[in-house]
Amino acid sequence: MRAVIIPETGDSKVLRLSDNTPKPAAGPTEVLVKLEYAGVNFIDVYQRTGLYKLELPVIAGREGAGRIEEIGSDVPAEYDLHVGDAVAVFAQGAYAEYIAVAASGVMKLPPNVPVKDGAALMLQGLTAWTMVKDAHEVKPGEQILIQAAAGGTGGLLVQMAKHLGATVIGTVSSEEKAAVAFGHGADYVINYTQSNVLEEVMKITNGAGCHAVLSGIGKATFADDLACTRRKGTFVTYGNSSGAVEGFRPLELSKKNVKLVRPTLGNYITEREEFVTRSQEMLDLVSRGILKVAYGKEYDMNSIGRAQDDLAGKQTTGKLIVKIQ
Ligand SMILES: NC(=O)c1ccc[n+]([C@@H]2O[C@H](COP(=O)([O-])OP(=O)(O)OC[C@H]3O[C@@H](n4cnc5c(N)ncnc54)[C@H](OP(=O)(O)O)[C@@H]3O)[C@@H](O)[C@H]2O)c1
């Protein structure tokens, strides 16, 4: 089968499109999925550069969707998975024609959710939903700061926080991206190339700061993200798009009794029950038209390196998706 391999760490040129990777078979507790789409995510960049360590070589890609082709003999009947079902998967190896994946990590898509949306939502969508439900449960009336509000995860966070009744302040780097963030429902958008985020947040919140700050930027905004969090508020730092945070002193938190959370999606959905509950809640929002995927560019399997460079180069808005063929 065709698959995109990370043979060694390095820049995007190290990625290899192979035409003769062995097609996997479903093990007893696995499902074999013929993939139609895969999502592009920052974790692809972290794995390729070596920030997140993997045993190499490995098939790249962390989320995808398609149709079930085989079901392992021991997959529990209560999972209700059948050959031909449209499903989404959160698993390593999604830039490939086929993936054999633990059935516990396979989510059946509702009939009115397209396969493409399934691929787009498993990682960024579930991340965003667990951030506003598990990392900090957003409540009506709260003021929430969301960094990269025109991005893939950020755009979904804006829609979800609005749905949960918050007042949302988003940040972006351009006027075009500001329009995208307002389109997601943000109440205030700060273009950080023109205004100081901390000053603007303090003006909007009458000097109190936000009940929660949700930031995937990492080291470039860490100090300001903390400063934007109000007394007894929550600072959720869920990514490293500008680089990983180093050398933080926990004593800093005592200045405002801030709760600092550094979560990763996998640890919120380890148990099948957690995965199914949060996936169904999120897909229900999509089915009801409350949550919409804003697509950026679509790529093919030859241009995954370019997709990763675009994402890491601040060139994009919304969700980048790869058509598998
Ligand atoms: N913890 C988890 O489980 C988990 C899961 C999924 C994603 N994440 C994290 O979420 C973050 C966002 O991921 P995403 O895929 O949704 O990306 P994205 O937000 O669509 O793209 C990144 C955006 O971040 C902003 N940015 C600011 N400084 C940047 C810098 N130095 N380099 C690159 N981008 C910068 C840019 O928007 P502006 O131009 O508007 O500044 C850029 O477009 C990443 O840090 C990722 O690791 C974490």
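**Figure 1. Salt bridge between Lys162 and Asp187.** Lys162 and Asp187 form a salt bridge, with their closest N and O atoms 2.9 Å apart; a salt bridge is a side-chain nitrogen of Lys or Arg within 4 Å of a carboxyl oxygen of Asp or Glu. The pair links distant parts of the chain, 25 residues apart: Lys162 belongs to helix H4 (residues 152–163), and Asp187 to the loop between helix H5 (175–184) and strand E11 (188–191). Helices (H or I, at least four residues) and strands (E, at least two) are DSSP runs, numbered from the N terminus. Lys162 is partly exposed, at 30% relative accessible area, and Asp187 is partly exposed as well, at 33%. Buried means under 20% relative accessible area, exposed over 50%, and partly exposed in between (1.4 Å probe, protein chains only). The model is predicted: local features need pLDDT of at least 70 and side-chain atom pairs count only at pLDDT 80 or more, whereas totals for chains, interfaces and linings use all residues. Residues are numbered from 1 along each chain as its sequence is written, and side-chain values use heavy atoms, with hydrogens and water left out.

**Figure 2. Salt bridge between Asp310 and Lys297.** The side chains of Asp310 and Lys297 meet in a salt bridge at 3.2 Å, N to O. This pair also links distant parts of the chain, with Asp310 in helix H9 (residues 304–312) and Lys297 in strand E15 (residues 295–299), 13 residues apart. Asp310 is buried, with a relative accessible area of 12%, whereas Lys297 is partly exposed at 46%.

**Figure 3. Salt bridge between Arg249 and Glu252.** The side chains of Arg249 and Glu252 meet at 3.1 Å, N to O. Arg249 is partly exposed, with a relative accessible area of 48%, and Glu252 is partly exposed at 26%. The structure holds 16 salt bridges.

**Figure 4. The largest nonpolar core.** This core has 54 residues, and those with the most contacts inside it are Val132, Ile146, Leu157, Met160, Leu214, Met282 and Leu291. Domain 1 (3–121 + 294–323) and domain 2 (125–265) both give residues to the core, so it lies between them; the domain bounds come from an automatic or database domain assignment. A nonpolar core is a set of buried Ala, Val, Leu, Ile, Met, Phe, Trp, Tyr and Cys residues joined through side-chain atoms within 4.5 Å.

**Figure 5. Surroundings of Leu291.** Leaving aside neighbours within four places in sequence, Leu291 is in contact (heavy atoms within 4.5 Å) with residues including Leu121, Leu156, Gln159 and Met282.
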